[in-house]
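I opened the notebook to record what I looked up in one structure.

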Amino acid sequence: MENTQASLLTGAEGIVECLKIEEISKVFCVPGESYLPLLDGIYDEPEIDLYSARHEGGASFMAEGYAKASGKPGVVMATRGVGASNLSIGVHTAYQDSTPMVVFIGQVSREVREREGFQEVNLQEMFRYTAKWAVELNEAKRVPELVQRAFRVAQTGRPGPVIVSLPEDMLKEKAVMNFGPKIIMPKPKPADSEIQEIEKLLKGAERPLIIAGGGVKAARAEDDLLSFVEHSGIPVLTAFRRHDVFPHHHKRFMGHLGLGTHPEIKKTVQEADVLLVLGSRLSEVTTQNYQFPQFHQRLIHIDIDADTIGKVFAPDIGVVADAKEALKGLQAIKGSEEWKDWSDQRRKAYEQAANIHASEDSSIYQQVYTSLIEDLPQGAIISNDAGNFAGWLHAYYPFRQKNTYIGPTSGAMGYGMPAALGAKLAHPNRPVISLSGDGGFMMTMQELETAVRYRIPVIALVFNNQSYGTIRMHQEIHHPGRVMGTSLSDAGFARYAESMGAIGIEVKEGAEFKAALSKALSREKPVVMDIKCDAEQVSVGKTIQQIREQSIIYNK
């Protein structure tokens, strides 16, 4: 697209033009009087659909989930200080998850700035540490420059959220504007010498291992990773909550580095002598509390962001490159037959660790997840909140296709259902299922009304154990038997769903879930399944009583 001709536009109209240039078709918000001109500008654009949520936190999760599912930047709008505060959880999630998002926030008029006017807050300072960039548009004539820059910053390098502050009077101000073309994403390649150094280090390895992260997803390089693994024979682990970056049924898949990682999966990392890290920032969870790489292990770290390389661990080889371009360069590297025996051995260990069997006597969690594994259609998308209920998902669910998982590496509660709405809008023809605990679901369950109003048929599974389960687990570990603040009442989510115009299903026994899931998949309305769980079964491997007894013995 060539630069457009100069136009006389208001600040609000200029922003809408930037959205059109970037081919933004979905915008999420809670409306506010501080940016009404921008809402009015969107009113006249049939190419842009606006989704008004019930809470700014829900709107920001919807935008973040949409961005993950679509590969496009999420766009969310809110009003001044109060709206900004509410949506800040989504900004933090986008920052830690490296999700491209542009956040437009109304601001008081320029003439009353710095007087602590109604709902005034310094948005640039407020988001200094949770956004890639924050800018205030103080002149309408600079809208094209700064808004197009916001979209560039959000999407390039390590993606993330950008805050754009909109003084109320600037939105009405007119100026002559010139717009640049749609952003073309830069895709830096590794130098030939860097590929040669990587090949040399891998050829000297006995047990090389790939850790694949979100950078592979951002570059849409899943197929390139699969091709490289099949050619080289190097096994793969996925970084925290990047499950779908590599097919789990593949013989070179070795597991997921998450919370409560199985000892056999940790053993695979421990035994590796060279770690090839692709597009991961090597977070606390992925590195299992910064245990890996260990002193004896060589590290090859490839990432599109120069600041990410060496931020946690100094690499033997650090390469700044787009994951897709890097994998293209790595395709020529041939594998070694010496790697095969170890890889086969670790695959068998993973298969044993990831095997789930459910009988009538099994916990409701085992029966639910067994049914999800057996009965969800190919291409179904799963999102989840934070919580121990997700331990079964991380340990057992086999993600077979790319772009089938959306989860917050930030560990945000309340994320699952709103993010599922965003994902369903990105992929309306695919089933989308959210997983939440009762604690997390209730933080954003008002967005069920949003789902009903816009006819977004997601399926929300609520594992209802009447507790903040994860915190209860840690409470029992550190303060056994001294329960405080973690017990909840039964909120009756199925009845709530029906009152909102959705379908509510109560599941009291594991045997009931299979039929309930079949019913939910056949309906074109939002569905909430209230799954009654025992708080005693607080994690995949242990009950509260077992944790309490071990903690008492340990603390003696």
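The entries below go through strands, a helix, a loop residue and some rings.

**Entry 1: the model.** I noted before anything else that this is a predicted model.

**Entry 2: strand S5.** I looked up how many residues of S5 are buried. The count is seven of seven, so I wrote down that S5 is mostly covered, with under 20% relative accessible area as the cut-off for buried. Then I sorted the residues by direction. Met-101, Val-103, Ile-105 and Gln-107 point one way, while Val-102, Phe-104 and Gly-106 point the other way. I recalled that side chains in a regular strand alternate between the two faces of the sheet.

**Entry 3: the partners of S5.** Which strands pair with S5 in the parallel sense? I found S4, with five bridges, and S7, with seven bridges.

**Entry 4: Ser-109.** I moved on to the loop between S5 and helix H5 (123-126), where Ser-109 lies. Is Ser-109 buried or exposed? Its relative accessibility is 17%, and the cut-off for buried is under 20%, so Ser-109 counts as buried. Leaving out residues up to four places away in sequence, I found that Ser-109 touches Glu-168 and Asp-169. I also checked Tyr-66: it is 43 residues from Ser-109 in sequence and 31 Å away in space, C-alpha to C-alpha.

**Entry 5: helix H2.** I listed the buried residues of H2, which spans residues 36-43: Pro-37, Leu-38, Leu-39, Gly-41 and Ile-42. What do these buried residues pack against? I wrote down helix H1 (11-21) and the strands S2 (26-29), S3 (49-52), S4 (74-78), S5 (101-107) and S7 (161-167).

**Entry 6: strand S12.** I turned to S12, residues 274-278, and found five of its five residues buried. On one side are Val-274, Leu-276 and Leu-278, and on the other are Leu-275 and Val-277. Both faces of S12 are therefore covered, given that a residue under 20% relative accessible area is buried. Five bridges join S12 to S9 (residues 208-212), and the two strands run parallel. Here Pro-208 stands opposite Val-274. Five bridges also join S12 to S13 (residues 298-303), again in parallel, and Leu-275 stands opposite Leu-299 in S13.

**Entry 7: aromatic rings.** How many aromatic pairs does the structure hold? I noted 12. One of them is Phe-389 with Phe-463, a stacked pair with 5.7 Å from centre to centre and 15 degrees between the planes. Phe-389 lies in the loop between S15 (381-384) and H14 (390-396), and Phe-463 lies in S18 (residues 459-464), so this pair ties together parts that are 74 residues apart in sequence. Both Phe-389 and Phe-463 are buried. I also found a cluster in which ring pairs link Tyr-365, Tyr-369, Phe-389, Trp-392 and Phe-463.

**Entry 8: charges over rings.** My last check gave two cases. The charged end of Arg-149 sits over the ring of Trp-133, 4.1 Å from its centre. The charged end of Arg-158 sits over the ring of Tyr-95, 5.6 Å from its centre.

Methods: Residues are numbered from 1 along each chain as its sequence is written. This is a predicted model: local features need pLDDT of at least 70, side-chain atom pairs count only at pLDDT 80 or more; totals for chains, interfaces and linings use all residues. Side-chain values use heavy atoms; hydrogens and water are left out. Buried means under 20% relative accessible area, exposed over 50%, partly exposed in between (1.4 Å probe, protein chains only). Helices (H or I, at least four residues) and strands (E, at least two) are DSSP runs, numbered from the N terminus. Contact means heavy atoms within 4.5 Å. Two strands pair if DSSP finds at least two bridges between them. Rings of Phe, Tyr and Trp (its six-membered ring) pair if their centres lie within 6.5 Å; planes under 30 degrees apart count as stacked, over 60 as edge-to-face and the rest as tilted. A charge sits over a ring if NZ of Lys or CZ of Arg is within 6 Å of the ring centre and within 35 degrees of the ring normal.
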